[in-house]
Amino acid sequence: MNINGRPWRTIGLEEGGASVWVIDQTLLPHRFETRSLASLEAAADAITTMVVRGAPLIGVTGAYGLMLALQVDPSDGALEAAFERLNATRPTAVNLRWALERVRQRVAPLPEAERAAAARQEAGAIAEEDVAMCAAIGEHGLELFRTLAAARPAERQGQPLNVLTHCNAGWLATVDWGTALAPIYKAHRAGLPIHVWVDETRPRNQGASLTAFELGREGVPHTVIVDNAGGHLMQHGQVDAVIVGTDRTTRRGDVCNKIGTYLKALAAHDNGVPFYVALPASTIDWTLDDGVAEIPIEARSAREVTHIQGLLSPDQIGAVQLTPEDSTGFNPAFDVTPARLVTALITERGVAAASEAGLRGLYGR
Ligand code: MRU
């Protein structure tokens, strides 16, 4: 997608192919900088500190992390240690484990001398497939948006379709296009008038800082709102649809996503607003049924709650304290929306009911 008219992806190989560049998302929207990842530790640290984040991009970064480890030591022991190190960086998004397993399966049968090159090739393939899957999600979501727009009453025809999104499930969370934002970009480029309500998404503010940034660079009309405003807007007919991404979706369609997603789904249900979840196949965890009981929820530092990051002066990004010195904070990073609150899943293979039958209908497994 575009930044100041120049097309970008979120990750790529540096010249020579022995290291990887990523966009440092901790500095956005105030500064745009790339960072080089040249070792396993650098890749693991980039995932933990959210230099890169978003389920699909975490997976691709993990895959390249295995390549970086194998360049130094291609032994079985080093492969296993790197797998465990990367897999532990962020526990909720299942794309990470999926991508690591894919690279491990590809390289494990090979002679040690061939492993790093094979890991590079597999990580590249995962990245390319992610782009294709997100573009396809965009096309299927666009059709859904066209149907929603056409079904509105005569007096609202031609007005922008108002879509609310939570967190960042745009191209910054993937390699390109995004999941939840892909249909929005496709709609905007196809000339379907669209306006996005952007939840700020405390505590890390991925909506206010990342979603707003990328929509702005693509010229998509949007308005940032506090997380608590969505229910009010839905009650007053100002939201035509909610669309979010997901970090892990169970085989029966329970959706784990950024903390606060569940509350948006409840408000949407109460107000008859369709609630869509966009995801590639790599986000489905076929081993799990009950998302609330079975998905591990990452608890992040309480400092993300007690402090907030922003621009302190034109050239200084920093954090300020919000809470009393002696107050503690608690920071569960994700929640689970039960399948019954999800109107439909939008995947690269098409749109399905959030149910085991719906997912099996698409994936035949
Ligand atoms: O903690 P983050 O920023 O990695 O969380 C990201 C989200 O919750 C996204 O909405 C999710 O990964 C779907 S991304 C395409």
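In the contact between helix 3 and helix 4 (contact meaning heavy atoms within 4.5 Å), Leu79, Glu80, Phe83, Leu86 and Asn87 of helix 3 meet Leu96, Arg97, Leu100, Glu101, Arg104 and Val107 of helix 4. These residues comprise 6 nonpolar, 1 polar and 4 charged, where Ala, Val, Leu, Ile, Met, Phe, Trp, Tyr, Cys and Pro count as nonpolar, Asp, Glu, Lys and Arg as charged, and the others, Gly among them, as polar. The model is predicted, with local features needing pLDDT of at least 70 and side-chain atom pairs counting only at pLDDT 80 or more, whereas totals for chains, interfaces and linings use all residues. Residues are numbered from 1 along each chain as its sequence is written, and side-chain values use heavy atoms, with hydrogens and water left out.

The axes of helix 3 (residues 76–87) and helix 4 (residues 94–107) come within 10 Å and cross at roughly 170°; axes are lines fitted to C-alpha atoms, for helices over the stretch in contact, and angles run from 0 to 180 degrees between N-to-C directions. Helix 3 and helix 4 are therefore roughly antiparallel to each other, a term used for angles over 145 degrees. Helices (H or I, at least four residues) and strands (E, at least two) are DSSP runs, numbered from the N terminus.

The table lists polar contacts, that is, pairs of N or O atoms within 3.5 Å.

| Side chain (N or O atom) | Distance to a ligand oxygen atom |
|---|---|
| Arginine 53 | 2.9 Å |
| Glutamine 206 | 2.9 Å |
| Lysine 258 | 2.7 Å |

The protein covers 100% of the 410 Å² of accessible area that the ligand has on its own, with areas from the Shrake-Rupley method and a 1.4 Å probe.

Turning to the backbone, a cis peptide bond with omega of about 5° joins leucine 28 and proline 29, and proline 29 is placed in the loop between strand 4 (20–23) and strand 5 (34–37).

Terms used
Angles under 35 degrees count as roughly parallel, over 145 as roughly antiparallel, 65 to 115 as roughly perpendicular and the rest as oblique. A polar contact is a pair of N or O atoms within 3.5 Å; within protein, one must be able to donate a hydrogen and the other to accept it, and residues adjacent in sequence count only if both atoms are side-chain atoms.
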